[in-house]
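Subject: Handover of a structure, with findings

Dear colleague,

Please find the structure below. I would ask you to look through it first and then to read the notes that follow.

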Amino acid sequence: MKYYSLNHNAKKVNFKDAVTDGLAPDKGLYFPEEITALPKTFFDNIENLDHKEIAFQVIQQFVGDEIPAEILKEIIAETLSFDFPLAEVEENIYALELFHGPTMAFKDVGARFMSRCLGYFNKDKKDNENTVLVATSGDTGGAVASGFLDVEGVKVVILYPSGKVSDIQEKQLTTLGKNITALEVDGVFDDCQDMVKKAFLDEDLNSKNLTSANSINIARWLPQMFYFFFAYKNLKKQNKPLVFSCPSGNFGNICAGILAKKLGLPIKHFVASTNINDTVPRFLVNGLYEPKPSESTISNAMDVGNPSNFCRIQEMYDNDLEQLKKDFSSYSFSDKETLETMKTIYKANNYIADPHGAVGFLGLKKELENHPNALGIFLETAHPIKFLDIVEPALNIKLPIPKQIESVLGKEKKSVKIKTYADLKSYLTY
Ligand SMILES: *Cc1c(COP(=O)(O)O)cnc(C)c1O
């Protein structure tokens, strides 16, 4: 499979180069040259396939022969070593729980898949390893740290803003050691992000084989298609139209859902639910794409002012807004609405939603007004414990600590403190 840059100013590359580069040299995102729908027999028979078999058929065309089938199957088995249950929250509304992985965030899926692909591509060049450089506001860092731990030939450097991530998130980033290093930046998330961007453009660092591990990387993005298929497998027998709502930040998840639809998955409609960072909802209303600096909210993994994957979604609709709107809506909600909804869901249905899931639920309810016979699914992207400082006071409850989290809490934090880009550069070149 070949991938082209959405900036159309770089040469086409294979899967391996797209994964190891992250971004194309012209700074465009990579996109698959061909998308072939899966055969009807696959959908007719999906209830007889397990998660690993489904995932293999879904991802195979995007990897091609660059990873042998047997190895790709092993990578998938390691990636999907946990469950993806659907919880019925109210009649015809389900939460697709993506938080049962090692760091309790959906990003575990993409991080685990990408790390193992990179590990495979690096297996013969121990002296020329890749460095994964990632800035995190909290959730991504933990999933990347856990996903890449012990992967040979890959070093991981995570930048996080000192004092700005939760205690649990900090422990997930800073206690693993081995090939994972946490750089604690004296600054805010934007400072971390700016340093990472600068490093990717810095020619002095070319020999370090830097790559990114956020959803611009196709190996993080593509496996996010899997769970839309898993949900379909579960709900197929009800024979109703499906509406999916994704709590959206960089729009990687929802973009993977739309690609799943391109592969033939019968999804009626998508909702990108956002917090007050509403660049896409505004675009759908007035046709003007006007990114703004991000604003802080209680659903902070979605505090994104210029969603990086939106250009991939537009590509799938030939940049035609009217076509896009037939399949896709996007709504924005305030923190106040989010908190109220967390309370209502808990009171009425005894379901504990995290702030991101609650935003997804709000968008779903709104869109379902247009689809009275549909089943609605919202993605629950993080376990409520990851946002306990918001969830516990809002619902007036105490959450038990799950074992995945407990195992890191007692470990010792190790971080390297940095302040400037020069500090980062000297760390990387040392
Ligand atoms: C990353 C993240 C999101 C946003 O996902 P995108 O694919 O960037 O839209 C939503 N919720 C949580 C908990 C996340 O960590």
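Why is helix 10 (residues 226–235) largely enclosed by the rest of the structure? Eight of its 10 residues are buried, so the rest of the structure largely encloses this helix. Here, buried means under 20% relative accessible area, exposed means over 50%, and partly exposed lies in between, with a 1.4 Å probe and protein chains only. Phe 226, Tyr 227, Phe 228, Phe 229, Phe 230, Ala 231, Tyr 232 and Leu 235 are the buried residues of helix 10. Helices (H or I, at least four residues) and strands (E, at least two) are DSSP runs, numbered from the N terminus.

Please note that this is a predicted model, in which local features need pLDDT of at least 70, side-chain atom pairs count only at pLDDT 80 or more, and totals for chains, interfaces and linings use all residues. Residues are numbered from 1 along each chain as its sequence is written, and side-chain values use heavy atoms, with hydrogens and water left out.

The ligand

The ligand is surrounded by 15 residues, of which the closest are Lys 107, Asp 139, Gly 249, Asn 250 and Thr 381. A residue counts as near if one of its heavy atoms lies within 4 Å of the molecule or strand in question. This shell comprises six nonpolar, seven polar and two charged residues. In this grouping Ala, Val, Leu, Ile, Met, Phe, Trp, Tyr, Cys and Pro are nonpolar, Asp, Glu, Lys and Arg are charged, and the others, Gly among them, are polar.

Asp 139 places a polar side-chain atom 2.8 Å from an oxygen atom of the ligand. Gly 249 has a backbone N or O atom 2.8 Å from an oxygen atom of the ligand, and a backbone N or O atom of Asn 250 also lies 2.8 Å from a ligand oxygen. Taken alone, the ligand exposes 390 Å², and the protein buries 97% of that (Shrake-Rupley method, 1.4 Å probe).

Lys 107 is located in helix 5 (residues 107–121) and is buried, with a relative accessible area of 12%. An unreviewed UniProt entry annotates Lys 107 as "modified residue: N6-(pyridoxal phosphate)lysine". Such annotations may be inferred rather than shown by experiment; their positions follow the numbering used here, and feature names are shortened.

Ser 245 belongs to strand 10 (residues 242–247) and is buried at 0% relative accessibility. Its side chain reaches the backbone oxygen of Gly 360 at 2.7 Å. Phe 251 lies in the loop between strand 10 and helix 11 (252–262). Although Phe 251 is not a glycine, it has a positive phi of about 65°; its relative accessibility of 3% counts as buried.

Asn 350 has a positive phi as well, of about 60°, and is not a glycine either. Asn 350 sits in the loop between helix 15 (335–349) and helix 16 (355–368), and at 60% relative accessibility Asn 350 counts as exposed.

Cysteines

How many disulfides does the structure hold? There are zero, a disulfide being a pair of cysteine sulfur atoms within 2.5 Å. For Cys 246, the nearest cysteine sulfur is that of Cys 255, 10 Å away. For Cys 255, the nearest is that of Cys 311, 8.0 Å away. Cys 246 is buried at 0% relative accessible area, and Cys 255 is buried at 0% too.

Yours sincerely

Technical notes. A polar contact is a pair of N or O atoms within 3.5 Å; within protein, one must be able to donate a hydrogen and the other to accept it, and residues adjacent in sequence count only if both atoms are side-chain atoms.
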